[in-house]
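Please brief me on how this chain is packed. I want its cores, its helix pairs and a few individual residues.

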Amino acid sequence: MRAESSRGRRYLEPEHPYRSEYARDRDRIIHSRAFRRLEAKTQVFTTRFSDHFRNRLTHTLEVSQIARTVAGASGLNTELAEALALVHDIGHPPFGHAGERKLDELMRPFGGHFNHNLHALRIVERFEQRYLDFPGLNLTFEVREGIVKHSRQYTAAELPDLSEYLLDLQPPLEAQLIDCVDEIAYNTADLDDAREADLLDLSALCTEVPVFGEAYSHVHAAYPSALEKLKFNEALKKVLDLLATDLIESTRHEVRLSGASNVADVRKAPKRLAAFSKETAAQNAQLKRFLSAHVYEQAVITEDRNRSVRCLEELFQYYLQTPGAMPAPHEQRSGSEPRHVAVCDYIAGMTDQFLLRQHHEHFGDSAAAW
């Protein structure tokens, strides 16, 4: 996807003398308030166990690094891929996917829903106010489209208000690769953080995830007396390299097979062309199943998660039932749209600790100390 072929911005702007359109998008995302707040949003592990665990911001940077590598090796637009990687989680609420599920559950009785990708679009279109000439960040069409479509397709029947984003067509390859790159980043990082937290059974990992077991076996054979942590790191690096390399090669293969020679061809393809091979997809699925069974449901994670999500729910109900309880801009917004939407937007923008402090302020418990 070439920047000069972009469908442009919602509000016309003059070209920049030395930055491409997608480079400008990348820079606007990095300088946004919502991007900075990712530093204080949970990925999997909270900081009370270690300062070394990934948060939502460091995860985003890892996705960006892998996305640039994959896009560059594939002959794609690295600046567009980087912008999409940096913005892909900007709509996440506090407490990761558990917080997202709870907000969605709370919106359902009103006939609404919550999805962090669609919320990210609201952030860059409406909530970020940095410029005199337009609301939001005024990102290019392709970045806004990628926010909506990078991880799944929608239909115009599902999202009639977003029909401008060519919902019946595939997004460009730069957007398609983000979901796979996201999986590479969080699957390998979650193993690393689980080991740091002393929650990882290395023997079980090698047995249940053969792709890691084989990598670890090779490393151990070459460095039998090395520190276990360093052997683990080397094996994990090999797994990451295998996944990224397969994504590059498999995507090339799928593009050749489809006969696509330009973005228009990619858009019209019957399926996404950026994907792992079947064998590697199966290996990646084994890794995801291991994490689900052995890491994400560990008591030290679920206890924090359950307490935090309960605080989110109680705070949602409090704001919903207490006019004037939110800051003035959010209260003003509740006059022009349903209150439950304004409450959801306010909570979704909070960092983990800010939400817990608000809960402590209104309910007087010890949440802020977690």
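Predicted model: local features only at pLDDT ≥ 70, side-chain atom pairs only at ≥ 80, totals over all residues.

Residues are numbered from 1 along each chain as its sequence is written, and side-chain values use heavy atoms, with hydrogens and water left out.

**Nonpolar cores**

- A nonpolar core is a set of buried Ala, Val, Leu, Ile, Met, Phe, Trp, Tyr and Cys residues joined through side-chain atoms within 4.5 Å.
- Buried means under 20% relative accessible area, exposed over 50%, and partly exposed in between (1.4 Å probe, protein chains only).
- The largest nonpolar core holds 83 residues. Ile29, Val143, Leu191, Leu205 and Phe212 have the most contacts inside it.
- Helix 8 (residues 173–196) gives the most to this core, with 10 residues. Helices (H or I, at least four residues) and strands (E, at least two) are DSSP runs, numbered from the N terminus.
- A second, separate core has 22 residues, including Leu103, Phe316, Tyr319 and Leu320.
- In soluble globular proteins, nonpolar side chains tend to be buried together.
- Contact means heavy atoms within 4.5 Å. Leaving aside neighbours within four places in sequence, Ile29 is in contact with Phe35, Ala83, Leu86, Val87, Ile90, Leu137, Leu139 and Val143.

**Helix pairs**

- Axes are lines fitted to C-alpha atoms, for helices over the stretch in contact, and angles run from 0 to 180 degrees between N-to-C directions.
- Helix 4 (residues 78–87) and helix 7 (residues 141–149) pack at about 45°, with axes 10 Å apart. That makes helix 4 oblique to helix 7.
- Angles under 35 degrees count as roughly parallel, over 145 as roughly antiparallel, 65 to 115 as roughly perpendicular and the rest as oblique.
- Helix 4 passes helix 7 in a right-handed crossing. A crossing is left-handed if the near helix is turned anticlockwise from the far one by less than a right angle, and right-handed if clockwise.
- Leu80, Ala83, Leu84 and Val87 of helix 4 meet Glu142, Val143, Gly146 and Ile147 of helix 7.
- The axes of helix 8 and helix 11 come within 11 Å and cross at roughly 165°. Helix 8 and helix 11 are therefore roughly antiparallel, and their crossing is right-handed.
- Residues of helix 8 at this contact include Leu177, Ile184 and Leu191; those of helix 11 include Phe232, Leu240 and Leu247.

- Helix 3 has 18 residues and reaches 26 Å from its first C-alpha to its last, close to the 26 Å expected at 1.5 Å a residue. The expected span is 1.5 Å times one less than the number of residues.
- Buried residues of helix 3 include His59, Thr60, Val63, Ile66 and Val70. Their cover includes helix 2 (33–37), helix 4, helix 5 (96–107), helix 8 and helix 11.
- Helix 10 (residues 210–222) has 13 residues, which should span 18 Å; its end C-alpha atoms are 18 Å apart, which agrees.
- Val211, Phe212, Gly213, Ala215, Tyr216 and Val219 are the buried residues of helix 10. Helix 9 (202–208), helix 11 (228–258) and helix 13 (278–294) are among what covers them.
- Helix 16 (residues 339–348) is mostly covered, with 10 of its 10 residues buried. Its buried residues pack against helix 5, helix 6, helix 14 (299–321), helix 15 (328–333) and helix 17 (352–363).

**Single residues**

- Thr60 lies in helix 3 (residues 56–73). Thr60 is buried, at 0% relative accessible area.
- Not counting residues up to four places away in sequence, Thr60 touches Phe35, Leu38, Ala85, Leu86, His88 and Asp89.
- Most residues other than glycine have a negative phi.
- Phe95 has a positive phi, near 65°. Phe95 sits in the loop between helix 4 and helix 5 and is buried at 9% relative accessible area.
- Asn138 also has a positive phi, near 50°. Asn138 is in the loop between helix 6 (116–127) and helix 7, and counts as buried at 1% relative accessibility.
- Ser277 lies in the loop between helix 12 (263–268) and helix 13. Ser277 counts as partly exposed, at 23% relative accessibility.
- Leaving aside neighbours within four places in sequence, Ser277 is in contact with Asp246 and Ser250.
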